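Hi,

Here is the structure I promised to pass on.

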Amino acid sequence: MAEETEPGSLTRVRKFKDWVHDYVSFSPWICSFIDTKHFQRLRYIKQLGVSYFVFPGASHNRFEHCLGVGHLARLMAMHLKTSQPQLGITDQQVKCVELAGLCHDLGHGPWSHLWDGIFIPTALPGKRWKHEDASEMMFDDLVETYRPEITPEEVVIVKALIAGDKTRCSLGTEKPYLFEIVANARNGLDVDKFDYIARDCHAVGDRGNLSISRLISSARVIDNKICYDIKDANQIYEVYYTRFSLHKRVYNHKTTKAIEFMVLDALLAAEPYLKIASLVDKPDKYVFLTDNLLNKIEESTEKELEPARAIIERINTRDLYRLVDYKVFSHADNDMVRRNITPARIVEVAKSGSLEGVDEELVIQLTEDHVAVNVSVLHYGKGPSNPLDDVTFYSKQQPDVGRKADPSDISLLMPAVFQEVWLRVYTKNCQFFGLIQAAYRQILRMLQPTGSPRAPGPGPSGDQLRRPSTPIASNTVGTNRRSRSFGRNPSFSDNAFTTVPPNFRDVSPSRKPRSKRAREGEEGGSVPAKKSRIDGVGKS
C-alpha cells in the first residue's frame, strides 16, 4: 500500500496493490471508512468460506473483494459520467456509488454465505435475516462510531445503492441506472459479480476469459438502463456461465459441502453455551464475529464445548462426512426433492424392514443425526430464465437505441435449460454408508418427475408415498436396474458411479488416530479409534 499526492492538490491518495486489478486508488474520504474496525473486520472473513479447505489458493478475504468492488464501482460511474455528460452525474453521486461498492459486504458473517445461508436459518428458524441487512446495520454503526464526513442524505443513498433498491431515495427516480452498478436487481450484471468472478477464478487456478475493462467501457445508459454493445454479448454470456461454473465446481464442491455441514454441527453444538446467533442484531458484538470463531471453540476448555471441539478435530484430521450419493434433477422437481428426501425419511425407510442385505445392528443404531442432505439450486443468475433476456444491448449503428437480443444475434448453442437441482446425501459416520445409500435409493424409486404421466396400473397412493415402510421389490435395492415397482414406470435411475452394497462400511483400517484424544480412546480399549472420533457427532 502506498500514498501519494495528486498533482496540483494537497489531496493524499492511497494506493493498494491488488492481485486482480493491479493498483487501486482511494481518496482520503473513502479511506476514512476503510480505516475502521467495521471494515478491517473483513480481513478475517474468507471470501469463499470453507472452500479454502478444498482449494488452498482460495485464501482471499472479503476485505480485498470489497476494495475491488469499490474500485470498479468508481470506474463504472466515472465512465458513465465522462462518456455521457448529458446524464448529469455529479461527483457526490460517484462518491456514493464508490462507497456503496466498498461497504456492500460489511455484514457478512463468519465463512461468508455459510453463516447467513445455513447457520442462522437453522439456529434461528423463522428469523428473516440476510447479510445485506447486516451490511446496513454495520454501516450505520460505523457512521455513528467514527463520525466520518457524510450527510444523512448520503447515508440513505449509500444504503439504497447497497440494497439495489431505487425506491428508497429520490436518486432512484432521478438516476435509476446508478442502482445497477453495485447490486443490479434487473439482470444481476454488476461490478460485485465482475470482481468476485475474476477474483475467485484466479484464486482457484482458473485463468478465466472475463475482460472487466472491456465490459465497463462497453456500458452505456439508454432509457435509464445500463446497456452493452451487442459485440460484447458473448462476453456477457461468459459472465453468467462462469458464475454457474463456479457454483458447480467450487462453491458447491462435495467436500466443501461436507465441511460446511461439520462447521454447522460444531456451531449448533456450541450455540446453547455461546449464544452466538443472537449477536446478529448487535453491531457492537457482531463486529468481532469472524472466521476465528472455530479457533476460539477449539482452544476452549469448557466441558459444554467438548462436542463442538470433537467435530473441529475431525475437520483438522480430515475425518470428514462422506458423500453417499448424488443426483441432478430438473428445476421443476425442486419442491418434490426437498419434501421427500430428508434425513428423517431416509432413517424411516432404513428402519422399515423393507431393505435386504443390510446390517440389522446398524439399522438399530442409525438416527437422523447420522444423515445430512444438501439440495442446491444452480442457475446462471436468473433462476430458470436465460439471463441474457434481461440484458439490453445497443449497436454502433444505433448507439442510442436499446433492445433485447434474439438468440440468433448471439449464439444458437445456448443451453435449453438454465437451472438445475443438485442433491447430495452424506453420512456423518462412515459405517452407515451403504445403509443410508440403500434407504435413499428406495425413496428415489418411489418418486416420479414433476409433471410426468403416470403409467397405467394401480400405482401408489399419496399415503403410500408418504409411508416408506411400504415394501419395494428387494432385488432393485442397491442396483442400477430399472424396476416396475408399484406397477408403474420408474422415475429416477440409480447413480451407477456411486453404487455400493447395502452393508458397505467406508472405513480405512489402516488409519491411525493422530490426536491425543483419539489415542487415549484407543488405549483405553472402550471403543475403536475411528469410532471414538465420530461418536456424538450431530447431537445438536
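Below is what turned up, starting with how to read it.

This is a predicted model, so local features need pLDDT of at least 70 and side-chain atom pairs count only at pLDDT 80 or more, while totals for chains, interfaces and linings use all residues. Residues are numbered from 1 along each chain as its sequence is written, and side-chain values use heavy atoms, with hydrogens and water left out.

Let's begin with the cores. A nonpolar core here is a set of buried Ala, Val, Leu, Ile, Met, Phe, Trp, Tyr and Cys residues joined through side-chain atoms within 4.5 Å; buried means under 20% relative accessible area, with a 1.4 Å probe and protein chains only. The largest one has 124 residues, and Ile34, Leu99, Leu102, Phe139, Ile181 and Tyr228 touch the most other members. Its top contributor is helix 12 (residues 254-274), with 11 residues (helices are DSSP runs of H or I, at least four residues, and strands are runs of E, at least two, numbered from the N terminus). Apart from this core there is another of 32 residues, including Met336 and Phe433.

Tyr228 is worth a click: leaving out residues up to four places away in sequence, its contacts (heavy atoms within 4.5 Å) include Met76, Leu189, Phe194 and Phe393.

Next comes Asp229, in strand 5 (residues 225-229). Aspartate 229 is buried but has no salt bridge, meaning a side-chain nitrogen of Lys or Arg within 4 Å of a carboxyl oxygen of Asp or Glu. Lysine 231 is the nearest side chain of opposite charge, 4.2 Å away (Lys and Arg count as positive, Asp and Glu as negative; His and the chain ends are not counted). The backbone nitrogen of lysine 231, though, lies 3.0 Å from a polar atom of the aspartate 229 side chain.

Now the rings. There are 14 aromatic pairs, that is, rings of Phe, Tyr and Trp (its six-membered ring) with centres within 6.5 Å; planes under 30 degrees apart are stacked, over 60 edge-to-face and the rest tilted. Trp115 and Phe119 make a tilted pair, because their centres are 4.9 Å apart and their planes at 45°. They sit 4 residues apart in helix 5 (residues 113-123), so about one helical turn separates them.

Tyr380 and Phe418 pair edge-to-face, 5.1 Å centre to centre with 85° between the planes. Both residues lie in loops, so the pair ties together parts that are 38 residues apart in sequence. Tyr380 and Phe418 also belong to one aromatic cluster with Tyr237, Tyr241 and Phe244.

Cheers

Definitions and conventions. Buried < 20%, exposed > 50% of the residue type's maximum accessible area, 1.4 Å probe, protein only. Polar contact = N/O pair within 3.5 Å; in protein donor to acceptor, adjacent residues only side chain to side chain.
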